[in-house]
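Subject: Handover of a structure, with findings

Dear colleague,

Please find below the structure that I am passing on to you. My notes on what was found in it follow directly after.

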Amino acid sequence: MTKIVEVLTALTDVVTGKSTSKPTGPFAAQYIAFVYLPSAILIASTAAIKVSYTPVAVVAAVVLGGYQFYTNQEEKKVLDPTRFQEFKLTDKTVISHNTAIYRFGLPSPNSILGLPIGQHISLAADLDVKDPKTEKVERKEVVRSYTPISSDWEPGHFDLLIKSYPTGNISRHLATLNVGDKMKVKGPKGAMVYTPNMVRRFGMIAGGTGITPMLQVVRAILRKRSKGDKTEVNLIFANVDEKDILLRSDLQALEDEDNNFHVHYVLNNPPEKWSGGVGFVTADMIKQHLPPPASDIKILICGPPPMVSALKKATESLGYDKARPVSKLEDMVFCF
């Protein structure tokens, strides 16, 4: 009986978060929560009532546990590229006055989006939109693309980092959502699909929320280090003010963790004693902080359209291949 209590205690610690380890495989959270813990409770309760019934409880636990293993053994991909599905907002973490991380729940604890690293999803909502020419307001479906900052190795949910702009229809709509409200989602979309060691070195340039696809790729690379991913990454991250630098602590933690990931911050309005770059991202900054043109490197760009347009010209002036109007996976300069 003492042993059963010890097992119950250990399992409870994992489920409640008191345990610092993160079990995988047969000891993943969904099995602990829906197989081991209920089975242990059933057997312990039966033994406490009448010891002679314990074998029956064991058989019942094995049958129920086997069913749960069968239904939960594989992660279930939920994205459908042909139709929108609704997902419920389960949490909202405010980052600044106009930026938040929105967490949406998936159908089950082992569900995943099924989103390849580097691709994005479409969000849609029926909104009142004003025609800039006629000033007439019409109800229409608005669709925008976003890249989650989470990935498929975290089942059960996905997270979006979104800044709400005064003129942004979907971003402003998201800011009005309450926990329990739903959002329409479709995907995957995009030409970029990251695979380990696809290039020797990435040069990344992000502006504002353009950090989201970069962060997704960087995290994927670092997770695969133990399996041989040697890709080096240099990131230039541009913002207006220091307070605008999104997920700075996350980036710092990744930089501290890995010697082959480096970030150079650039601000339009730097504070006193600022050690990073100042102004707009220039060709000289790219030359100094990113890998030079080569067949085994790739430059990734994501940010506001004027910034992307300027960076296309800057990279071309430095000898990188000319960026296409619509980027393809094989391009040296890829714009999200």
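How many nonpolar, polar and charged residues does the lining of the largest cavity have? The lining has 4 nonpolar, 3 polar and 2 charged residues. Please bear in mind throughout that this is a predicted model.

The cavity and the pocket

The search of the whole structure finds 1 cavity of 30 Å³ or more. About 40 Å³ of space lies in the largest cavity. The residues that line the largest cavity are Leu106, Ile112, Leu113, Ser150, Ser151, Asp152, Glu154, His157 and Phe158.

The largest pocket has a volume of about 1400 Å³. It is lined by 50 residues, of which Gly207, Cys302, Gly303, Pro304 and Pro305 are the closest to its centre. Two or more lining residues come from each of β6, β7, α4, α5 (211-223), β10 (232-239), α8 (305-317) and β14 (333-335). Helix α8 gives the largest share of this lining, with 7 residues. By class, the lining of the largest pocket comprises 25 nonpolar, 20 polar and 5 charged residues.

The chain as a whole

The protein chain contains 8 helices and 14 strands. It has 336 residues, and 44% of them count as buried. Among the contacts in the chain with a separation of 6 or more, 70% are between residues 24 or more positions apart.

The antiparallel sheet

Strands of a sheet pair through backbone hydrogen bonds, either parallel or antiparallel.

Ile101 has Leu161 in β7 as its bridge partner.

Which residues of α4 are buried? They are Asn169, Ile170, Ser171 and Leu174. An α-helix has 3.6 residues a turn, so residues three or four places apart point the same way. The buried residues of α4 pack against β2, β3, β5, β6, β7 and β8.

Strand β5 deserves a separate paragraph. Of its 11 residues, 8 are buried, so β5 is largely enclosed by the rest of the structure. Strand β5 pairs with β8 in the antiparallel sense over 4 bridges, and His120 stands opposite Lys189 in β8. Strand β5 is also joined to β6 by 10 bridges, and these two strands run antiparallel. Here Ser122 stands opposite Ser145 in β6. The hairpin of β5 and β6 has 6 residues between the strands, and in it Glu135 takes a positive phi near 65 degrees.

The parallel sheet

A further open sheet has 6 strands in the order β12-β11-β10-β9-β13-β14, and its pairing is parallel. Why is one side of β12 (277-278) and of β14 left without a neighbour in the sheet? Both strands stand at the edges, and each has a single partner strand, so one side of each has no neighbour there.

Strand β13 (residues 297-302) and β14 run parallel and are joined by 3 bridges. The bridge partner of Leu300 in β14 is Phe334. Helix α6 (residues 248-257) lies across β10 and β11 (261-267), and runs at about 145 degrees to β11.

In sequence, Lys322 and Val333 are 11 residues apart, and their C-alpha atoms are 7.2 Å apart in space.

With kind regards,

A colleague

Definitions and conventions
Residues numbered from 1 in each chain as written. Predicted model: local features only at pLDDT ≥ 70, side-chain atom pairs only at ≥ 80, totals over all residues. Heavy atoms only, no water. Pairing = 2+ DSSP bridges. 1 Å grid on protein atoms, 1.4 Å probe; cavity = no way out; pocket = protein on both sides within 12 Å on 5 of 7 lines; lining within 4 Å. Points joined across faces, edges and corners; volume = space filled by probe spheres on them. Nonpolar A, V, L, I, M, F, W, Y, C, P; charged D, E, K, R; others polar. Buried < 20%, exposed > 50% of the residue type's maximum accessible area, 1.4 Å probe, protein only. Contact = heavy atoms within 4.5 Å. Axes fitted to C-alpha atoms, helices over the stretch in contact; angles between N-to-C directions.
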